[in-house]
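Please read it alongside the sequence and coordinates.

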Amino acid sequence: MENRETGTPPPSPHIKAGLQPTLVLTTLSAAFGSAFQYGYNISVINTPHKVGASGGWCPVFQVLKSFYNDTYLERHGTSMDENTLLLLWSCTVSMFPLGGLLGSLVVGLMVDKWGRKGTLLINNVFAITSAILMGISKVARAFELIILSRVLVGICAGIAYSTLPMYLGELAPQNLRGALGTMTEVFVIIGVLLAQIFSLQPILGNATGWPILLALTGVPALIQLLSLPFFPESPRYTLIEKGDEETARQALRRLRGHNYNVEAEIEEMRTEERTEQAEGRLSVLNLFTFRPLRWQLISIVVLMAGQQLSGINAVNYYADIIYTSAGVDPTQSQYVTLGSGVINLVMTLVSAMIVERLGRRILLLSGYGICGSACLVLTVALLLQSKVPELSYLSIGCVFSYIVGHSIGPSPVPSVVRTEIVLQSSRTAAFTVDGAVHWLTNFIVGLAFPSIQVAIGAYSFVIFAAICLLTAAYIYVVIPETKGRTFVEINCVFAKRNGVEFPEEKEVTTAKPHTPSLPVKETFF
């Protein structure tokens, strides 16, 4: 019988696998050297600490802005004007999402040619190079090295943010796919939190420590470079795309344990492979015109755009202002920000532990509901707190509530769903679109929010509340529950919505391929 609410067929029985040491260590090595880079580098550059000539706190320049100005003064004998300084700082910040976009556009070519594990290993070159350049920038008296490094580390983050969920989703057994999928976001947040800790002024967030602070991004890359080669490549990639069944079987035995019967999972992969022979390989351009994947593609765009446009970066941007208005000493706001980072990490870990029990839909819907409600209450509190000062404490509560809501659903769960709703043949093309949407919307929010905030002030959070509502409505109507289902079963559900007949296993072996799409190896786009 079908589930009338979502149109999903009942899940087929599947052997449950335990969490084996090899799977745990592979996940740690892959995620620490990849997703961590994204979180660390998006947070470390936005350190709000101020330094003056005495090394104390004063509202003059951020640490790096001070370095930019001092270098310019040494070269030209005059201080940099405010507009030039603002332009250079804007370039420094915006180069990261620009690099991320570039990385997301090449990830499909890389994972097809070098595999998931191979791509992550090659990607470390960008992280290590940028770490060296940022580490020597002060000695070289060249702020241009920091700007160039931001592009390189952005490319690293763009490649990692698409490759890692793909790798973990294909490594994980069906009953652990949700928990492992959320590890992408868990390690992003660990990166953010460690950047906040290391950038505290007494540690490295000062005029002498910042080169080390920026160069630390090379450490996880080195650890991954030394450890990941000892762990297996994705069995699905090995069998379906490389045709090496025996190597895939050996990898599964390492990942599942010797007491696990891997043949059922091998057969599931063969089923997916035969299904894909009927569909053919898809490039990015073919993906946009391929009707059987229409709603999967729309769902990926909505999930990734909703994640960024729902206001998480804006709330973080506004947080310091809210803390100050509540009477928090500006010199202590860094510790409040650190506290919010701890909450973010704890709630994301909670999401990882319950995603296989509660499912994907309920976490996404409840998360967006909390975020939208927090945005509306925050708008009211900000508008009225000049008349009722006590409402500033409500504003802080709204910020923390928003972080809780985003951490249990909109932040971690899309990494799981975007892997589950497409098959192997279309996954690399889908993840290219996914990454491009993620980084473009990230860039748009960073570019547009300051202007929107100046124009309409607190009312800007009404926009984010509306986006939360619309995204939740789409998820409720369109995206089925994927917990406990194989990739083929999930695509059967979407086939009905797309108005196409999903090839049955018995038909696949004689099915005719679709009108040829351009092979990925010839042209990815």
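How many helices and strands are there in the protein chain? The protein chain has 23 helices and two strands, taken as DSSP runs numbered from the N terminus (helices H or I, at least four residues; strands E, at least two). The model is predicted, with local features needing pLDDT of at least 70, side-chain atom pairs counting only at pLDDT 80 or more, and totals for chains, interfaces and linings using all residues. Residues are numbered from 1 along each chain as its sequence is written, and side-chain values use heavy atoms, with hydrogens and water left out.

**Overall**
- Of the 525 residues in the protein chain, 57% are buried (under 20% relative accessible area; exposed is over 50%, partly exposed in between; 1.4 Å probe, protein chains only).
- Among contacts (heavy atoms within 4.5 Å) in the protein chain with a separation of 6 or more, 82% come from residues 24 or more positions apart.

**Helices H4 and H20**
- H4 (residues 82-140) packs against H20 (residues 424-456) at about 175°, with the axes 8 Å apart; axes are lines fitted to C-alpha atoms, for helices over the stretch in contact, and angles run from 0 to 180 degrees between N-to-C directions.
- The two helices, H4 and H20, are therefore roughly antiparallel (over 145 degrees; under 35 is roughly parallel, 65 to 115 roughly perpendicular, the rest oblique).
- Residues of H4 in this contact include Phe96, Asp112 and Arg116, and those of H20 include Trp439 and Phe443.
- The contact of H4 with H20 divides into ten nonpolar, nine polar and two charged residues; Ala, Val, Leu, Ile, Met, Phe, Trp, Tyr, Cys and Pro count as nonpolar, Asp, Glu, Lys and Arg as charged, and the others, Gly among them, as polar.

**Aromatic pairs**
- The structure holds eleven aromatic pairs (rings of Phe, Tyr and Trp, its six-membered ring, with centres within 6.5 Å; stacked under 30 degrees between planes, edge-to-face over 60, the rest tilted).
- Phe32 and Phe36 form a tilted pair, with ring centres 4.9 Å apart and planes at 55°.
- Phe32 is partly exposed at 24% relative accessible area, whereas Phe36 is buried at 4%.
- Tyr68 and Phe143 also make a tilted pair, at 5.0 Å and 35°, and both residues are buried.
- Tyr68 lies in H3 (residues 63-76) and Phe143 in the loop between H4 and H5 (144-171), 75 residues apart.
- Ring pairs join Tyr38, Phe96, Tyr161 and Trp439 into a cluster.

**Charge over ring**
- The charged end of Arg418 sits over the ring of Tyr161, 4.8 Å from its centre (NZ of Lys or CZ of Arg within 6 Å of the ring centre and within 35 degrees of the ring normal).
- Arg497 lies over the face of Trp295, 6.0 Å from the ring centre.
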